[in-house]
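Q: I am new to this structure and would like to learn how to read its features one at a time. Please show it to me, and then I will ask.

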Amino acid sequence: MTQFAKKGRFIVVANWKMNPVNRDEAKRIASTIKNTAKDLKKTQVIIAAPYVYLPTLIGRAGKSAQSAVSFAAQNVNSEPQGSYTGEVSAEMLQDIDCSYIIVGHSERRAMGESDSVVAAKASAAIRAGLRPIICIGEAEHDAQGAYLGVVGAQIKASLEGIDRSSVGKIAIAYEPIWAIGAKEAMSPELIQEMMIFVRKTLSDIYGQDAATDVPVLYGGTVNARNVKDITERGSTDGLLVGRESLNREGFKQLLKIADECR
Ligand code: PGA
């Protein structure tokens, strides 16, 4: 089964969102990340950049030059081509040697993306030979535990159409919405609980063997200060980092710390 990343690698995704506002700054941040990533022993770094920067950042050398850092788009259309003004297909991303796609980020779900749209996008990515990072997460971590039902249902519906033979090509990013862009991340204890829950849900759908091939990432206010705790005690296979991934010094520290903790 194709692996999402090299087996056993800790995965750190830099989600730049709609940043930075110019290409030179994008190049500077990417170059700091690349320089840091080449000395990491156990970590695979993926930069999820805005579409317009991807060709420049990937460069002519394409995939062969992507050993230290790989690239992801932050969205994709589920159709291969056609009359969809403003959209980009997985085939187009594959053609520029982009390897990964974030689908179903809560900021896109807030713009109206449903679980079935997310599932169609993830399947389109796999069909085109790309690997989707499928985001899920509850809006509220209520005391009664209703969030477990919410997250469980979201996982099942967002993976609709992805069969057992393809599940090794995906990663799940668990991102509680209330911890994104917040002051503090979820506690490592709660992260660990949710990692167990997500893995259990995956194994209910695909069986335990196939489910262990799926990396489960945590995202939401990860930074250089809390990465040690989260990596050591959160039991995650990786991290999805927003704001701190645009801070060159902070992200460099974060990567080094994560790599040392593994
Ligand atoms: P944050 O964003 O690290 O700034 O909280 C995480 C995300 O939205 O993926």
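Q: Is cysteine 135 buried or exposed?
A: This is a predicted model, in which local features need pLDDT of at least 70, side-chain atom pairs count only at pLDDT 80 or more, and totals for chains, interfaces and linings use all residues. Residues are numbered from 1 along each chain as its sequence is written, and side-chain values use heavy atoms, with hydrogens and water left out. Buried means under 20% relative accessible area, exposed means over 50%, and partly exposed lies in between (1.4 Å probe, protein chains only). Cysteine 135 has a relative accessible area of 1%, so this residue is buried.

Q: How many disulfides does a search of the whole structure find?
A: A disulfide is a covalent bond between the sulfur atoms of two cysteines. The rule used here asks for a pair of cysteine sulfur atoms within 2.5 Å. The search of the whole structure finds 0 disulfides. For cysteine 135, the nearest cysteine sulfur belongs to cysteine 98 and is 14 Å away. Another cysteine, cysteine 261, has 19% relative accessibility and therefore counts as buried.

Q: How many cavities of 30 Å³ or more are there?
A: On a 1 Å grid over the protein atoms alone, a cavity is a set of points where a 1.4 Å probe fits but cannot get out; a pocket is an open set with protein on both sides within 12 Å along at least five of seven lines; lining residues have an atom within 4 Å of a point. Grid points are joined across faces, edges and corners, and a volume is the space filled by probe spheres set on the points. The count here is 1 cavity of 30 Å³ or more. The largest cavity holds about 40 Å³ of space.

Q: Which residues line the largest cavity?
A: Among them are Gly104, Ser106, Arg109, Cys135 and Glu175. Helices (H or I, at least four residues) and strands (E, at least two) are DSSP runs, numbered from the N terminus. Helix H4 (106-109) and strand E5 (131-136) each supply at least two residues of this lining. For sorting residues, Ala, Val, Leu, Ile, Met, Phe, Trp, Tyr, Cys and Pro count as nonpolar, Asp, Glu, Lys and Arg as charged, and the others, Gly among them, as polar. The lining of the largest cavity divides into 3 nonpolar, 4 polar and 2 charged residues.

Q: Which residues lie nearest the centre of the largest pocket?
A: They are Lys17, Met18, Gln74, Asn75 and Arg108, and the whole lining has 13 residues. By the sorting above, that lining has 6 nonpolar, 4 polar and 3 charged residues. The space in the largest pocket is about 330 Å³.

Q: What is the phi of lysine 17?
A: Phi of lysine 17 is near 55°, a positive value in a residue other than glycine. Lysine 17 sits in the loop between E1 and H1, and its relative accessible area of 22% makes this residue partly exposed. Proline 20 lies in the loop between strand E1 (10-15) and H1. The peptide bond from asparagine 19 to proline 20 is cis, with omega near -15°.

Q: Which residues are linked with Arg108 in a network of salt bridges?
A: A salt bridge is a side-chain nitrogen of Lys or Arg within 4 Å of a carboxyl oxygen of Asp or Glu. The structure holds 11 salt bridges, and the network links Arg108, Glu113 and Lys121. The closest N and O atoms are 2.9 Å apart between glutamate 113 and arginine 108, and 2.8 Å apart between lysine 121 and glutamate 113. Glutamate 113 is buried at 9% relative accessibility, as is lysine 121 at 7%, whereas arginine 108 is partly exposed at 25%.

Q: Where do glutamate 25 and arginine 28 lie?
A: Both are in helix H1 (residues 23-37), 3 residues apart, about one turn of the helix. Glutamate 25 is partly exposed, with a relative accessible area of 23%, and arginine 28 is partly exposed at 40%.
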